[in-house]
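Work through the exercises below with the sequence and the 3D view open. Try each task before reading its solution.

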Amino acid sequence: MMSKDKFRKAFALHICLIFTTLLIAVQIYMEFRSPQSSSFLGRLPTPDSHSVPDLSRDQGRRRSRGRGADQVDLSRDMVIKRQVSFVRSLKRDPAGLAAVGGTESPEKLADCCPLQHQHRKSQRWHIDLQPWASPNHSLEDEAKRFLDYITSPQQISCGNALENGVINNPWITGSPWLACLDGRYSLAQQIKKKQCRVYSLGLGSEDKQLEVSLAKAGCEVHCFNPSIKVPHVQEAKQLWHHRLSIDWRDPNPAIPPNKQHSNTKKLGAILNDFGHRKIDVLKADMESAEWKILENLVLENVIDKIGQLLFEVHLHWPGFEVSGDDSTVVRYWYSLLKELEHSHFRLFHSHRDDSKPQVFLQKNLLNASSSYTLSWVNTKWRHQ
């Protein structure tokens, strides 16, 4: 009799445990089906929780007490809709200026130049070298090809040019510094709108008449000279001087451009620091650092942000950080000019400086001068 009683008690205990478990499960299920649990689930992280503000954690808890959880869900839906609308507005604004607060509006950029970098270009650390001018790699053949290129600027004509603030035909004047004011391109229109920007790179001794004239015409002119005493000084209403030098050293992927030297930065880093997205005219007289500056403009994909290039090039020696025998150096120079051509820059003016020594890599070769001033226009920056 005792064994039967124990069996019955054990069986009854098992039945009670089963019913208790079922009751607990039903209660949990009903709680998760209630409106309060829905608001709780809405607070759980979602795959896009890093971009959607979590209003339900703070505001939802208070609103659910007075208005019910439906109001919380409605608020959250409105937040999501606003975010979707914001993303769509960014897609309509390729420059992303509305989101980041850039200094130029998309309308202004559309007036001056085509939108660039819609697809990020892959990083390069070396330019593409052109084939040798001749099978024997002779210096004379390389020099002839290079000099023919820079002394016969027939790539494009410029109907008008700005020479020290006066519009002239570029073929009549002897001035070394000319900016193209042809109506086909954007600079003339930007000057009329007083929306042009000029960067001038130098070491303090070069002629600044063009910069002064452009500033008087309404352009925003920034001169970079590492020898001035103060970090920034405003000379005139539209003319600033900055104690900065443009870095011409080889790009090093291990060193951020703005961390290499305190007063020396890559041009792309300066554009970012100043909040500038484009340069209508870039003038440079850098005493043999110009070759590496040109190379960095190409490699850093900054070249597309420039409307015109006015550069003095020096040919009496290879230039800073340019190595190799004479034939290799001239091939490198020529390859840089072809890189500019591939980036839609066309040479419209060339000035030979007869006041400088008439030497080419320390040699009397092909009656070449040691210094030329070259002017290019970006043909993609057409007047809209």
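**Exercise 1. The cysteine links**

A disulfide (a pair of cysteine sulfur atoms within 2.5 Å) joins C196 to C219, with an S to S distance of 1.7 Å. This is a predicted model, in which local features need pLDDT of at least 70, side-chain atom pairs count only at pLDDT 80 or more, and totals for chains, interfaces and linings use all residues. Residues are numbered from 1 along each chain as its sequence is written, and side-chain values use heavy atoms, with hydrogens and water left out.

Solution. 

Step 1. Take the handedness. The torsion about the S-S bond of C196 and C219 is -105 degrees, and the link is left-handed.

Step 2. Helices (H or I, at least four residues) and strands (E, at least two) are DSSP runs, numbered from the N terminus. C196 sits in the loop between α8 (186-193) and β4 (197-201), and C219 in the loop between α9 (209-216) and β5 (220-224), so the pair ties together parts 23 residues apart in sequence.

Step 3. Check burial. Buried means under 20% relative accessible area, exposed over 50%, and partly exposed in between (1.4 Å probe, protein chains only). C196 has 2% relative accessibility, so C196 is buried. C219 has 0%, so C219 is buried too.

Step 4. Count the links. C158 is joined to C180, S to S 2.1 Å. The torsion about that S-S bond is about 110 degrees, so this disulfide is right-handed. C158 lies in the loop between α7 (139-151) and β1 (161-163) and C180 in strand β3 (residues 179-180), so parts 22 residues apart in sequence are tied together. C158 and C180 are both buried.

**Exercise 2. Around D182**

Task: find where D182 lies, and which residues D182 is in contact with beyond its neighbours within four places in sequence.

Solution. 

Step 1. D182 is in the loop between β3 and α8. Its relative accessible area is 10%, so D182 is buried.

Step 2. Contact means heavy atoms within 4.5 Å. Neighbours within four places in sequence aside, D182 is in contact with S157, C158, G159 and N160. C158 is also an end of the disulfide to C180.

Step 3. D182 and R382 are 200 residues apart in sequence, and their C-alpha atoms are 9.8 Å apart in space.

**Exercise 3. The nonpolar cores**

Task: find how many residues the largest nonpolar core has, and which helix gives the most to this core.

Solution. 

Step 1. Apply the rule. A nonpolar core is a set of buried Ala, Val, Leu, Ile, Met, Phe, Trp, Tyr and Cys residues joined through side-chain atoms within 4.5 Å. The largest has 52 residues, and F146, W291, L297, L309 and F360 have the most contacts inside it.

Step 2. Name the main contributor. Helix α12 (residues 326-342) gives the most to this core, with 8 residues.

Step 3. Look for another core. A second, separate core has 17 residues, including A188, I191, C196 and C219.

Step 4. Zoom in on F360. Leaving aside neighbours within four places in sequence, F360 is in contact with L139, A143, F146, L147, L315, V330, W333, L365 and A368.

**Exercise 4. Positive phi**

Task: where are H344 and L361 found, and is each buried or partly exposed?

Solution. 

Step 1. H344 is in the loop between α12 and β12 (345-352). Its phi is near 75 degrees, a positive value in a residue other than glycine. The relative accessible area of H344 is 32%, so H344 is partly exposed.

Step 2. L361 is in the loop between β12 and β13 (371-378). Its phi is also positive, about 50 degrees, although L361 is not a glycine. At 4% relative accessibility, L361 counts as buried.

**Exercise 5. The whole chain**

Task: how many helices and strands does the chain have, and what share of its residues is buried?

Solution. 

Step 1. The chain has 12 helices and 13 strands.

Step 2. Of its 384 residues, 42% count as buried.
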